[in-house]
Every structure is written in C-alpha cells, then in structure tokens.
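Hi there,

Here is the structure I promised to pass on. Have a look at it first, and my notes follow below.

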Amino acid sequence: MTADRVGSRTVESMRAITPDHGALHVGELPDPVPGTGEVLIEVAAAGVNNADLQQVAGNYPPPPGASDVLGLEVSGTVRALGPGVRGFAVGDRVCALLSGGGYASLVVAPATQVLPVPDGVDLVEAAGLPEAACTVYSNVGMLAGLRPGQTLLVHGGTGGMGSHAVLWAKALGATVIATSGGERKVRASSDLGADLVIDHRSEDFVARTLEFTDGRGVDVVLDVVGPSYLGRNLEVLAPNGHIAVIASGSGQAGELDFGVMMRKRATISATTLRARPLAEKAAIVEAVRYNVWPFVADGRVRPVIDAVLPLDDAAEAHRRVRDGEVIGKVLLTP
C-alpha cells in the first residue's frame, strides 16, 4: 500500500494476491472504493481457507462480480463508509465475510457482512472468525437446529470449521463428539472441550459414537469430509437427526439406505457459503451477531489460530493448510 502521509492518508495502490495458473501472484491493484451500502476496511489480517486453495487450483471460481483477489474473511479497521451505511464509523474494529478480496491491504465489504470485533478479542486473530462462524451457525444452528442438551458429532474437530464448531456447541450447552487424526490433534480437540474425541486413524467412529451415546446416536453431524462418510454418518444418526455436509471431498458416495433414512426421519443438507445471494448472507451474519457473538464477547468462543504469516508467505500458508496438520486457522497479515 503506497501513501503520501501516515495516519489519515491518501492511498494510491494496494498490495494484493491473485491466483495465476496454479500459483500465487503478488502485485499492486487500484484502491477499492466503497459503493452504496459498503464499508472500506484496512486489513489487519486475512483468514486462509481451503476454498482459497481450491480457487488457485481452478476448482472454485469466485461468483460473478466478486474480486479475483483471494480471501474470504478479514479483520481490520474501517477506513471509509459508502453511502447509506449505518451502524459503523471510521476507526471501528471489525471483521467481515467476503466473496473475495481478503488477501490485500484494503478490501470493500457489504456492510451487512461486517461484524464488530468485541473488546478483548485480538484484532488480527479476529480474522479467523467470520467464515467459520457463518458456516457453522448457518448449517448447525439454522438448518440442523442444534439445541442445548443435544449431541453434535464434528468431523475434523481441530480444523478451522471444526474447532469453531466444538467451541460454539459447548457454549450452547450441547454434548460434542469430535473426530481427529493423531495424538496431537486428539489432545487439541480435548483441550477445546469436546466430550469425546475419536482418533479416526486408529478407531471406528461409528462404534465409539454409538457406545458413548448408549446406542442412540447423535442429533447432528457436521461433515467436512464429504461423500465417502455419508453412509457411516447415517449409521450414527439418532431419530430426527440431521447431517450437514459442508465439503464435497473426494470419491463417491456409496449407496444410501433410504429405508434407514425414513425410519430415522433423517434429513441431509449440503451447502456452500460463498455463492449465496447477498440477502442470504446478510441474514446469516445477522443471526451470527445475535446467536454466536455473545459467546465471542464473553470468551467462550475464541479464534483458534495455528499461525500468523506475512502476506508474502501466502504460498507457505497454503502448504500448511493443504498438508492438514494445522490446528485452527492460518492467518496472513499485509
């Protein structure tokens, strides 16, 4: 980001990262300008998500009209407000859900997708909240309707989504079962508060889950694996249960026993967040603000951060996420 003075300054160009034939290109782009209903944010940090890796690989293009710059979530400080924006002021600490544009010095976001960063939450670390909070709550809270006293099974309990799901569900008052791979991740899931952690590398999650629930099963499954787990997820589902799939994964789903589905009165949903219409995203962000943010404010839900790297090390950040050994989120700072 170039400027002619420090503090309140005029910025002519910003640094940003875009995909370039399977690689990452660091360059300068014109400053974004907030339009009607938009907020200009000076980025403190951007969260790295698997969707970013998929975009670089050419498998997850941005929706029409979205920035080609990588990055689906940021934290930072409000620099300017577009016409019609209410509820925010220049200088506010915020984080935002994006359709793209986060790997940059500046980003524009719809005001309806911006959230205040509560006092006591580190501004950089807050970049790890929006994507996970909105994905988890829209699926587990809004679609599946998880309630206090119910049981949630979270696959990938130490990933960016899974770690948030464990913290939020425990704050809600649910019982949480998490699957993780290896001793280090099992210990991390337990430290987050999961009531049972299953090492999927050495244990059968179906058998362990049914044993733990005295054969009843779980009310909700949050699946970050995809089709190969669908049949087994149905096995562990309690009557009237819901499977929320948030990853397409690899491989194909096996045959699904509709007789079992009907006897259990089971439901299955499969969603992505990025391509949803603005009105749907606004409704999700508003629901998160009222149903998740109080837990963030009181410390029961927190950003789980594995590493914070400079923007120039985006390739290394992507490698760490791709290798699957991170616990929580990797963040980039411009």
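Which residues does Ser-180 touch, not counting those up to four places away in sequence? They are Gly-157, Thr-158, Lys-185, Val-186, Ser-189, Val-197, Ile-198, Asp-199 and His-200, where contact means heavy atoms within 4.5 Å.

A word on the source: this is a predicted model, in which local features need pLDDT of at least 70 and side-chain atom pairs count only at pLDDT 80 or more, while totals for chains, interfaces and linings use all residues. Residues are numbered from 1 along each chain as its sequence is written, and side-chain values use heavy atoms, with hydrogens and water left out.

Back to Ser-180, which sits in strand S9 (residues 175–180); strands are DSSP E runs of at least two residues, and helices are H or I runs of at least four, numbered from the N terminus. Ser-180 counts as buried because its relative accessibility is 2% (buried means under 20% relative accessible area, with a 1.4 Å probe and protein chains only).

Next, the helices. H2 (residues 130–143) and H3 (residues 160–172) have axes that come within 9 Å and cross at roughly 60°; the axes are lines fitted to C-alpha atoms over the stretch in contact, with angles from 0 to 180 degrees between N-to-C directions. Residues of H2, including Tyr-137 and Val-140, meet residues of H3, among them His-164 and Trp-168.

Tyr-137 also turns up among the contacts of Ala-287, along with Met-142 and Val-292, leaving aside neighbours within four places in sequence. Ala-287 belongs to helix H8 (residues 278–291) and is buried, at a relative accessible area of 14%.

Happy browsing!

Methods: Buried < 20%, exposed > 50% of the residue type's maximum accessible area, 1.4 Å probe, protein only.
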